[in-house]
Amino acid sequence: MASSQKRISKELAEVTTNPPEGIHVSLVDESNVHNWNIVMDGPEGSPYAGGKFKLLLVLPNDYPFKPPKINFKTRIWHPNVTFDEHGSMCIGILKPEAWKPSSKILSVLTATQQLLVEPVPDDAVETSAAEKFKNNRAQFNKEAQEYTKKYAK
Amino acid sequence: MPSPRHPLGDHSLPYTVHTELDSDDEVSLDTDTITDGDNITASPSSRGLHKSRPPTFNLNLRHTVDLRAITYNGTVDENLVCPICRCPFVDPVLTDCDHVFCRPCIDDALSESQLCPIDRLPLSSDAVSRAPKMIFNQLDALKAKCPCCGVVLARSMLESHLEKYCLEAVVRCPGAECVKLVKRKISGEDCLHYPMVCPDCKETHDEIDMEAHRENSCNERLKACEHCSAEILRCKEEQHEGECPDVVQPCKWAEYGCQDEAKRKDLPLHADECSYKAMGQMAETLKKEIRSLRSEVRTMNETHHLQERRIKFLEGGQRASDRPLDMMDLSLANLPESTGADALESGHEYLLSLLEAQQGRLSQLSAEVSDFQAKSTMMLFNETLPIKNELAELRSTQQVTCMHVRWLMRFRMQENQRRFGGGPGATSNGGSDGGSSSDLSMGRRLSDSLTRDIITKL
Ligand SMILES: [Zn+2]
Ligand SMILES: [Zn+2]
Ligand SMILES: [Zn+2]
Ligand SMILES: [Zn+2]
Ligand SMILES: [Zn+2]
Ligand SMILES: [Zn+2]
Ligand SMILES: [Zn+2]
């Protein structure tokens with residue numbers, strides 16, 4: 001769908017010329033605007049600070065009518081991200097029943113950043129992390145920091 | 001070359017193409033159609049090298065502008081940008097939930113899910129209507145860049161610009177037989193889609209591409225200048241000749257007698273010490289002087305002619321105004337004759353004077369009209385005055401008569417009553433056709449009708 005490519009190109013230009021702080025965007029393959037490489041700095045004030053997290057953003061052919069998919073390529077210990085090689089993330093605005101075609105990729109990226117600062121344990125996919133986050137915040141922070149040092153250097 | 005008209009032959013197909021070889025080996029093309037008397041014949045190509053093909057009748061290439069692909073000058077107001085395609089709206093529509101989208105965008109969105117793409121409220125395609133005119137106006141005013149020539153103009157003008165004016169836009173080749181496309185700026189010329197041999201490399205290219213070939217892609221396009229040995233384009237050789245620093249040229253005072261020659265780059269040096277320099281410069285100044293004097297004389301001559309014409313016209317106008325003013329002589333045709341043909345030439349002044357003359361006549365006429373009006377009013381007044389007096393006199397006489405009649409009637413009635421001892425309503429008035437009544441108020445009315453009778457008789 002040509003009009004979807006045009007919109008994606010516009011959003012890409014917007015994000016690359018005026019990138020949000022701590023987010024760097026590039027294309028996996030210059031000839032395909034549907035796959036984006038994201039490098040996200042761990043936000044200050046979170047246990048992920050100091051880490052660099054790689055993400056893969058895939059825009060479906062019927063974008064913006066269908067939501068983009070976003071996965072952590074760098075392992076991250078977080079209540080809302082699976083702690084495995086998929087790094088599947090659970091975030092509200094990307095759920096099919098909540099997605100609005102008027103939402104921009106930029107807001108998806110900033111929402112992801114926000115999720116690192118404020119996990120949502122009630123909507124968790126990584127239950128052990130959620131448990132610790134709720135009951136033993138200090139232990140959670142310590143472990144998350146350790147994993148960040150281990151994987152996200 | 002005139003086309004040999006074909007006798008009606010094989011017309012089993014709507015378009016039949018006959019190809020035949022002439023004695024001079026040119027291919028002539030004759031195309032007939034038999035679509036109900038609608039007979040279109042393509043004229044044969046003068047170059048005769050185009051292959052036979054079914055004629056095309058869609059002569060104009062449609063430029064449907066993709067408004068989403070064009071670039072805009074400056075930033076576009078975010079309120080005019082579609083939240084789905086992120087471009088300024090194309091054919092905008094308004095939803096019942098007060099959101100604006102491009103029509104194609106919302107159609108796509110609704111075919112995915114029947115929800116508003118912004119607030120996710122249920123939305124059906126019936127709840128979508130044309131956006132307010134104001135939005136269309138704002139969009140029409142957006143400054144868009146022409147995708148072909150880059151000129152910036154209002155978005156609403158873009159389509160007609162591309163269809164009619166853009167010099168870089170692609171149109172059909174003007175050649176009657178040619179199906180190729182050319183840029184509009186060269187479409188005024190003949191078809192240039194015929195093969196030519198490049199004079200440099202002997203390759204064959206279409207004439208239309210030849211210039212670009214010789215300038216950019218020809219293998220033999222460059223040569224060393226025989227004077228300065230710089231590399232130059234073969235097709236620009238003559239142009240270079242005119243500016244090559246090593247070409248030998250005569251001194252610039254040659255016409256005043258200097259025999260010296262030098263390379264172009266050395267000429268300024270020679271010019272400084274040339275023995276004809278003083279004379280040449282003098283001659284140049286004199287020439288300039290003469291030229292300016294001549295042009296001065298020319299302008300003075302012109303003003304002189306103009307003034308002469310004006311004088312002639314004014315004289316003509318004088319003659320015209322000397323003539324007695326005829327009340328019926330208002331037609332324009334009468335004036336030019338009297339002023340003479342020469343005066344006709346001094347355009348504006350002539351018309352102006354004509355206007356003035358007509359205005360003079362008009363004011364005279366209106367003065368006369370008001371004069372006449374005053375006179376007739378006086379006359380009327382004078383005539384009606386005696387009538388009015390007479391009328392007043394008559395009225396007073398009539399009143400007197402009325403009184404008399406009333407008095408007489410009452411007198412008669414009283415006499416009658418006295419005489420017959422009073423049966424009311426038993427009398428009738430002799431000599432009158434009015435109604436009868438003995439009672440007093442009736443009597444009064446009777447007397448009124450009697451007076452009217454008297455007046456009419458008077
Ligand atoms: Zn809405
Ligand atoms: Zn749109
Ligand atoms: Zn143009
Ligand atoms: Zn042509
Ligand atoms: Zn060539
Ligand atoms: Zn040269
Ligand atoms: Zn000289």
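In chain A, β2(A) runs antiparallel to strand β3 (residues 52-58), and the two pair over 7 bridges. Strands here are DSSP runs of E with at least two residues and helices are runs of H or I with at least four, both numbered from the N terminus, while two strands pair if DSSP finds at least two bridges between them. The model is a predicted one, in which local features need pLDDT of at least 70 and side-chain atom pairs count only at pLDDT 80 or more, whereas totals for chains, interfaces and linings use all residues. Residues are numbered from 1 along each chain as its sequence is written, chains are lettered from A and ligands numbered from 1 in the order in which they are written, and side-chain values use heavy atoms, with hydrogens and water left out.

A hairpin of 2 residues links β1(A) to β2(A), and L27(A) has W36(A) in β2(A) as its bridge partner. In a regular strand, side chains alternate between the two faces of the sheet.

Chain B holds zinc sites. The zinc ion (ligand 3) is coordinated by C146(B), C149(B) and C166(B) through SG and by H161(B) through NE2, at 2.1 to 2.3 Å. Donors are N, O and S atoms within 2.8 Å of the metal (3.2 Å for Na, K and Ca); water is not among the atoms, so sites may look incomplete. Along the chain, the donors of the zinc ion (ligand 3) follow the spacing C-x2-C-x11-H-x4-C. C149(B) sits in the loop between β6 (143-145) and β7 (152-154) of chain B and H161(B) in helix α3 (residues 158-165) of chain B, so this pair ties together parts that are 12 residues apart in sequence. The site of the zinc ion (ligand 3) is tetrahedral, with angles of 105 to 111 degrees among its 4 donor atoms. Four donors count as tetrahedral if all angles lie between 85 and 135 degrees; four count as square planar and six as octahedral if opposite donors are over 155 degrees apart and all others between 65 and 115, and anything else is irregular.

C225(B) lies in the loop between β12 (222-224) and β13 (231-233) of chain B and C244(B) in the loop between α5 (237-241) and β14 (248-250) of chain B, so the pair ties together parts that are 19 residues apart in sequence.

On a 1 Å grid over the protein atoms alone, a cavity is a set of points where a 1.4 Å probe fits but cannot get out, and a pocket is an open set with protein on both sides within 12 Å along at least five of seven lines; lining residues have an atom within 4 Å of a point. Grid points are joined across faces, edges and corners, and a volume is the space filled by probe spheres set on the points. The search finds 3 cavities of 30 Å³ or more in the whole structure, and the largest cavity holds about 50 Å³. Its lining includes C225(B) and H240(B), and α5(B) gives the largest share of that lining, 3 residues. The largest pocket has a volume of about 350 Å³, and residues of both chains line the pocket, among them K10(A) and R86(B).
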